[in-house]
Amino acid sequence: MRITGVFGLGAASGLILATWLLTDHNSDPATSSSPPRHMESTLPATPTPTDPSLPTAGQRNRPRPGTPDPPLPEIPGTGVLRQGDSGHGIYELQVRLLQIPGIYDGGPIDGRYDTEVRAAVTLFQKRYGIHGDETGVYGDNTRFALMLRTR
């Protein structure tokens, strides 16, 4: 075969495989119970009229001009956490605080941001020189610093 001399055996077998995949191998169409899936079309035969007030395909996911962006979903363990809060994010904070010796030793892991957690966050902020978050509040800067030092 001349193709193998020019392109190599791998290219020739790739061309043969591609040709085989693109052709219909059903020698007796009467025995098939349904047409091959690659032959089906879900598009209408004639174009349907469009309503000019409806958005086009490229505009469907875009907000109308002048409308505010929808709020982003809250990811557990993110956002600002402070005394009085509770939930999974506080649980993770407590687990991380326990990993730093002398910060939250023996503190409960109960998912509640109480005075003991606030005191531990304050101590962590002071010990590691964390600035930018309110004292005793677990904000972005404190979270980043704690995550760098824990698992």
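Which residue does the side chain of Arg 96 meet in a salt bridge? Before I answer, let me say that this is a predicted model, in which local features need pLDDT of at least 70 and side-chain atom pairs count only at pLDDT 80 or more, while totals for chains, interfaces and linings use all residues. Residues are numbered from 1 along each chain as its sequence is written, and side-chain values use heavy atoms, with hydrogens and water left out.

The partner is Glu 92, at 3.2 Å from N to O, where a salt bridge means a side-chain nitrogen of Lys or Arg within 4 Å of a carboxyl oxygen of Asp or Glu. Arg 96 and Glu 92 are 4 residues apart in helix H3, residues 88-98, and so about one helical turn separates them; helices here are DSSP runs of H or I, at least four residues long, numbered from the N terminus. Arg 96 is buried, at 11% relative accessible area, whereas Glu 92 is partly exposed at 27%; buried means under 20%, exposed over 50%, and partly exposed in between, with a 1.4 Å probe and protein chains only.

By this rule the count comes to 4 salt bridges, and I will mention two others. In helix H5, residues 140-149, Arg 143 and Asp 140 lie 3 residues apart, about one turn, and they form a salt bridge with the closest N and O atoms 3.6 Å apart. Here Arg 143 is buried at 8%, while Asp 140 is exposed at 55%.

Finally, Asp 110 pairs with Arg 112 in a salt bridge, with 3.0 Å between the closest N and O atoms, and Asp 110 is partly exposed, at 33% relative accessibility.

How values were computed. Helix = DSSP H or I, 4+ residues; strand = E, 2+ residues; numbered from the N terminus.
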